[in-house]
Amino acid sequence: MGNITLGKYIPMDSPIHKMDPRAKILAMLLILISIFFPVGWIGYSIIFALVSFVIILAKLKFSFIWRSMKPMLFMLFFLLIINSLAIKTGKPLFNIGDFVIYSDAIFNTLYIAVRLLLMIMITTCLTATTKPLEMTLGIEDLLKPFAKIGVPAHEIAMLISIALRFIPDLIEETQRIMKAQESRGVDLKEGKIKEKLMAILSLIVPLFVSAFQRAEDLANAMEARGYVPGEKRTRYKVLKMAFRDYLLLGASFITLVGMIVLSKII
Amino acid sequence: MQIKIQNLSYIYNEGTPYEYKALNDVNLEIEEGKITAIIGETGSGKSTLVQHLNALLLPKEGSIHILDRNITSKEKPKNLKSLRGDVGLVFQFPEYQLFEETVIKDVAFGPKNFNISEEEANKRAREALKLVGLKEEIYEKSPLELSGGQKRRVAIAGVLAMNPKLLVLDEPTAGLDPDGTTKMMQLFKDLNTKHNKSIIIVTHDMEQVFKYCDDVVIMAEGTVKKHISTREFFKDSSLCKEMNILPPDIIRVKDMLKEKGFNIDIKENTIEALSEAIIKEVKHG
């Protein structure tokens, strides 16, 4: 479980970490949208430079982003194969037996790889510098305008924060039950299919039972402390936009406009 | 000698910022046929140590010799399964491991994993359930319908049904009512005396250690601080004080009376001996 880097928070003392989550989420959306314009290599180079600047400001390591990218390489490899089969334009580059690979197939795949890399860089900038709790607060505030059309903003945020809160607990519980069943002779690695099914069952049933139990306990504890869904609540942590947050938003907005203009010129 | 642990060390999350050395150079020998208590503060490494006994955790350094098998940092024991059958490990709050449709099926699940026939497994399950004092009418019920204490008994029966030579229990009475606790401890005592099982109990309760256990192992900061017979340990309160442990009631009462100038001198630390000594003092004093 420890080697999943995508979406992990990295505690650091940087100006990016201190920014308002709302500004960061909005900025991320703006830059993500600008990637979807066909701005060519020039445009992507500019975005790459800007995002790299933010990554350096946030004191994140590029190796960390590379590790998030790794699981995607497999997907890109498949894409390369499919592109080589499907795309027959551009110059013929080389051939494997009778099969000719064209330059556009390679370029197309590279193009998507760059976009994917940029997307991962941008989202990592957000998730690695924003505590999960701050993130949910930000999401809640950003969803508030949609409450008028019936989006339960607060409930969604509460759901997300509870889910996040229970992930480590459930991992620990799973390991505990695994050990308990292993002590009863369950072999999770070997055995026939029927035995394996039984082994998985012996894990899942207690896990569900305890998850439901926890959910009920939490619901009771929340109600006992006066929680009513939909009711107005004050917050312990009040979000405040500072100058640097407006700066980030402004810069992101200018980037988006710039990319739209660029895509028209090219 | 049933268990011999040499220079055992264990580290959680090695190589990450969350690295934590739970066991540090543990040396311990536990004899056959005894009830041994393992005590110590939270985080002293009791549970980590206990999980080494059936190779759920493998040592980072050092070796364990248990029931004629060797577990070392370099080699996994070859017949892991047979070791797990011989060392019955009951975790803290074992009721969370119940999953079958009926009580009897759940208890028979353990033995069935060790290639024992359905019939024999059911027979063993019945015996184990009887042993823990559960009535026949609940055998066909779902384990989830039972009360907390009953669930605990079912879970312990599930381990007993594997017929282990050594029973290792991690805080078996945590969260039980006083009556349930006494019955549970009596059950372990019976298993020890009548069924010849060696038992290791991790506990926080000094009264239990005092009443039911032969030996006591005191752990602190991931090492064994002392391994001593219970009788020796509770002879007076000086060792308890040294180890920062509150001694059992009877010893505290004796100490308090002595402090107030009564001449209480008893050979055995039992309620009867103490009350006799008090009566003698009051009559003659």
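Predicted model: local features only at pLDDT ≥ 70, side-chain atom pairs only at ≥ 80, totals over all residues.
Residues are numbered from 1 along each chain as its sequence is written, with chains lettered from A and ligands numbered from 1 in the order in which they are written.

**Helix packing in chain A**
- Helix α3 (residues 40-57) and helix α5 (residues 103-127) of chain A pack at an angle of about 25°, their axes being 10 Å apart, where axes are lines fitted to C-alpha atoms over the stretch in contact and angles run from 0 to 180 degrees between N-to-C directions.
- That angle makes α3(A) roughly parallel to α5(A), a term for angles under 35 degrees.
- A:Tyr44, A:Ile47, A:Phe48, A:Val51, A:Val54 and A:Ile55 of α3(A) meet A:Val114, A:Leu118, A:Met121, A:Ile122 and A:Cys125 of α5(A), contact requiring C-beta atoms, placed from the backbone, within 7 Å.
- By class, this contact of α3(A) with α5(A) has eleven nonpolar, no polar and no charged residues.

**Contact between chains**
- In chain B, 22 residues are in contact with 18 residues of chain A.
- On the side of chain B that touches chain A, the elements giving two or more residues are α2 (80-86), α3 (103-113) and α5 (148-160) of chain B.
- The residues of that side of chain B divide into twelve nonpolar, eight polar and two charged.

**Domains of chain A**
- Chain A is divided into domain 1 (1-131 + 238-266) and domain 2 (153-229), with bounds from an automatic or database domain assignment.
- The C-alpha centres of domain 1 and domain 2 of chain A lie 35 Å apart.

Definitions and conventions: Helix = DSSP H or I, 4+ residues; strand = E, 2+ residues; numbered from the N terminus. Parallel < 35°, antiparallel > 145°, perpendicular 65-115°, else oblique. Contact = placed C-beta atoms within 7 Å. Nonpolar A, V, L, I, M, F, W, Y, C, P; charged D, E, K, R; others polar.
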